[in-house]
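Please keep the sequence and the model open while reading.

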Amino acid sequence: MPRRQLPNILLVLADAAQSGAYALNGGQAVTPHFDRICAEGVRFTHAFTSSPICHPARTTLLTGLTPRGHGVIANSTHWDWYPFPVSQGVRPVHERLAGAGYRCGYTGQWHCDGLPRFADDRTVDPKAFHEGQKARGR
């Protein structure tokens, strides 16, 4: 029996980027590939966050739980004196998607201490990335 075709899912999270900076929102940043992805997919133009802090907000996106539900309430979860990792038994959405037949991966900053990582991650050291960009004249 042929495997059913699953729709592609691409979640883009930008650190410290204002939506008004992008050309598709009237800004000056030229992003033709990003603009095409937005035009051809689903774009959320009104969003709210569960937390103004990065780690709890990203963990909420990947678990569907509020910070109180998943346990991450601060950015510095790796410090011994501030131990707030993800609560035991919390399953991230990428595990559920993988179980449904998706191949899941990520690139960039993780910011979800305590969550299992994607099976196909592409973590790139930011310094190495920028050095590579400079070498290419970008």
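The largest pocket has 37 lining residues, and those nearest its centre are Leu 11, Val 12, Leu 13, Ala 14 and Phe 44. A pocket here is an open set of points on a 1 Å grid over the protein atoms alone, with protein on both sides within 12 Å along at least five of seven lines, and lining residues have an atom within 4 Å of a point. This is a predicted model, in which local features need pLDDT of at least 70 and side-chain atom pairs count only at pLDDT 80 or more, while totals for chains, interfaces and linings use all residues. Residues are numbered from 1 along each chain as its sequence is written, and side-chain values use heavy atoms, with hydrogens and water left out.

The volume of the largest pocket is about 1,600 Å³, a volume being the space filled by probe spheres set on the grid points, which are joined across faces, edges and corners; the probe is 1.4 Å. Helices α1 (32-40) and α2 (54-63) each supply at least two residues of its lining. By class, the lining of the largest pocket holds 22 nonpolar, 10 polar and five charged residues. Nonpolar covers Ala, Val, Leu, Ile, Met, Phe, Trp, Tyr, Cys and Pro, charged covers Asp, Glu, Lys and Arg, and the others, Gly among them, count as polar.

Two or more lining residues come from each of α2, α4 (93-99) and α5 (126-135). The lining of the second largest pocket divides into 21 nonpolar, nine polar and five charged residues.

Ile 37 belongs to helix α1 and is partly exposed because its relative accessibility is 38%; the class lies between buried (under 20%) and exposed (over 50%), with a 1.4 Å probe and protein chains only.

How many salt bridges are there? The count is two, a salt bridge being a side-chain nitrogen of Lys or Arg within 4 Å of a carboxyl oxygen of Asp or Glu. Side chains of opposite charge can pair when their charged atoms come close. Arg 36 pairs with Glu 40, with the closest N and O atoms 3.5 Å apart. The two residues are four apart in helix α1, so about one helical turn separates them. Arg 36 is partly exposed at 45% relative accessibility, whereas Glu 40 is exposed at 61%. The salt bridge between Arg 91 and Glu 95 has an N to O distance of 3.5 Å. Arg 91, at 40% relative accessibility, is partly exposed, and Glu 95, at 29%, is partly exposed.

Pro 56 lies in helix α2 and is buried, with 0% relative accessibility. Between Pro 56 and Pro 67 there are 5.7 Å in space, C-alpha to C-alpha, although they are 11 residues apart in sequence.

As for the whole chain, there are five helices and zero strands, where helices (H or I, at least four residues) and strands (E, at least two) are DSSP runs numbered from the N terminus. Of the 138 residues, 25% count as buried.
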